[in-house]
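Below is a short briefing on one protein model. Look at the structure first, then read the points in order.

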Amino acid sequence: MPRKSSTPLALHEVVRIVGAEHAYLFLGAEGSERLTLRSARDAEGTELPGAVGCSMTAVERVRMSREALAVSGTADGAAEFDGVPLPPRHLLAAPLLLGHRLFGVVYLDRGLARGPFSEGDVEILIAIADHLALALETAHTERLARSQEAALDANRAKSTFIAHMSHELRTPLTAIIGYSELLEEEFQDRGDTPYIPDVQRIQSAAKHLLSLINNMLDLSKIEAGKMELYLEEFALHEVVEEAVLSVLPLLERGQNSFVRSYPADLGVVRLDRMKLRQVLLNLLSNAAKFTTRGQIELEVVREPGERPEDGEQLFLRVSDTGIGMSSEQIKRIFEEYAQGSAATTRRYGGTGLGLAISRSFCQRMRGDIEVASSLGEGSIFTVRVPTFLGPEDAQEQEQDPGYPDGLGDAGMSRSSEVVPDEPPDEEPS
């Protein structure tokens, strides 16, 4: 909570309290200590025409020393301060300080006939300057809080809009995919084979667009903190093989060899099946996309956690001999909309969401994704998640009424697979 302060004194009140004739308030710009005049008033509150008659040398001295200053000019203009003539007036200035932060300088003056400012006047102005600095800091904090709240509201509105639009777009897309599959079957039955490639292109494009929409919906749910887990016990080997079979066309297109480094029986796990499958699909399709005439390996192991309370951990390790990444690319690879480089984006396409969403899924399942890579030598992505999640790890499991039939919470249709001509994911591996 921001600190509260009483209503800050107006400049003309400062003039009256100290017994001055004019008051000038110099404030620094955001992130800079360079001072500019923000207000100038006399004892009646009348605005003065700028800083005419002020000693800017005195203002700069107070800014640099961060100490109050009281000096006087002379009627003949002979008095100098730091080698610069002083105006024929008594002047008093104090810094607006809060801790080590300088907000500005308050500057007062009065005619020579009234005598110079006393030590008591200096102490009073220092106290007033501290009061003004606290008021400025409170106002600044409140502005930041309002700005942050406005940004959060805008982000929530964006996420809500994306979620609604995603649902509206996915309904016709699933219909397009379904009808194109029916047409393909009908053409096959009738022997109209020349039309089948065109229908398959429709399916491929629709599935690719659906995968992009699903990514956007997943991202909006992650940002809104509404990404729930749908836990179930399942045979791990089934999910692994589903992902592998889905990505095999991509592997074949790149003339890559694929190595399965896991046993036929991987046991049973209790996780979110769809999210785990999507994570593995993203990693395998990325490896296939960025590897040509190389080798891609999937290793699956179950090992005890580093601590007894961690329980058994599942490791999914996808390694490739593809283009790899530099250390700078690795730093950004899990950021939303981030990709390896502009050249990579132009060549391989993608939206920069796949790895960000995959990592969020893993973290939601009390795990994470790590990456090791060298430019030109390939990459290794390692997924680590517990083998069993309990009820406390999942929120209330209700089907989202906005999902069309056949769509799970992970935002992927069970019939929507990775298509060879338009891989859905985007980051270089």
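R277 and E242 form a salt bridge, their closest N and O atoms being 3.3 Å apart; a salt bridge here is a side-chain nitrogen of Lys or Arg within 4 Å of a carboxyl oxygen of Asp or Glu. The pair links distant parts of the chain, since R277 lies in helix α6 and E242 in helix α5, 35 residues apart. The model is predicted: local features need pLDDT of at least 70, side-chain atom pairs count only at pLDDT 80 or more, and totals for chains, interfaces and linings use all residues. Residues are numbered from 1 along each chain as its sequence is written, and side-chain values use heavy atoms, with hydrogens and water left out.

**Salt bridges**

- R277 counts as buried because its relative accessibility is 4%, whereas E242, at 31%, counts as partly exposed. Buried means under 20% relative accessible area, exposed over 50%, and partly exposed in between (1.4 Å probe, protein chains only).
- Salt bridges that share partners join E238, E242, R273 and R277 into one network.
- Within it, the side chains of E238 and R273 meet at 3.5 Å, N to O. E238 lies in helix α5 and R273 in helix α6, so this pair also ties together parts that are 35 residues apart in sequence.
- R273 is buried, with a relative accessible area of 14%, while E238 is partly exposed at 44%.
- Elsewhere, D192 forms a salt bridge with R190, with 3.1 Å between the closest N and O atoms. R190 counts as exposed, at 52% relative accessibility.
- The structure holds 20 salt bridges.

**Nonpolar cores**

- In soluble globular proteins, nonpolar side chains tend to be buried together.
- The largest nonpolar core has 47 residues, of which V240, L271, L284, L298 and V300 touch the most other members. Such a core is a set of buried Ala, Val, Leu, Ile, Met, Phe, Trp, Tyr and Cys residues joined through side-chain atoms within 4.5 Å.
- Elements that each supply at least two residues of this core include α5 (236–253), α6 (273–289), β11 (295–304), β12 (312–320) and β14 (378–386).
- Leaving aside residues up to four places away in sequence, V240 touches Y262, L266, L280, L298 and V300; contact means heavy atoms within 4.5 Å.
- A second, separate core of 21 residues includes L25, F103, I128 and A133.

**Strands**

- The protein has nine helices and 14 strands. These are DSSP runs numbered from the N terminus: helices are H or I, at least four residues, and strands are E, at least two.
- Strand β9 (residues 257–261) runs parallel to β11, joined by five bridges; two strands pair if DSSP finds at least two bridges between them. F258 stands opposite I296 in β11.
- β11 and β12 are antiparallel, with nine bridges, and R302 stands opposite L314 in β12.
- β12 is joined to β14 by seven bridges, also antiparallel. Here R317 stands opposite T382 in β14.
- Strand β13 (residues 368–374) runs antiparallel to β14, with seven bridges; V371 has F381 as its bridge partner in β14.
- The hairpin of β13 and β14 has three residues between the strands, and G376 in this hairpin takes a positive phi near 85 degrees.
- Seven of the nine residues of β14 are buried, so this strand is largely enclosed by the rest of the structure.

**Whole protein**

- Of the 429 residues, 46% count as buried.
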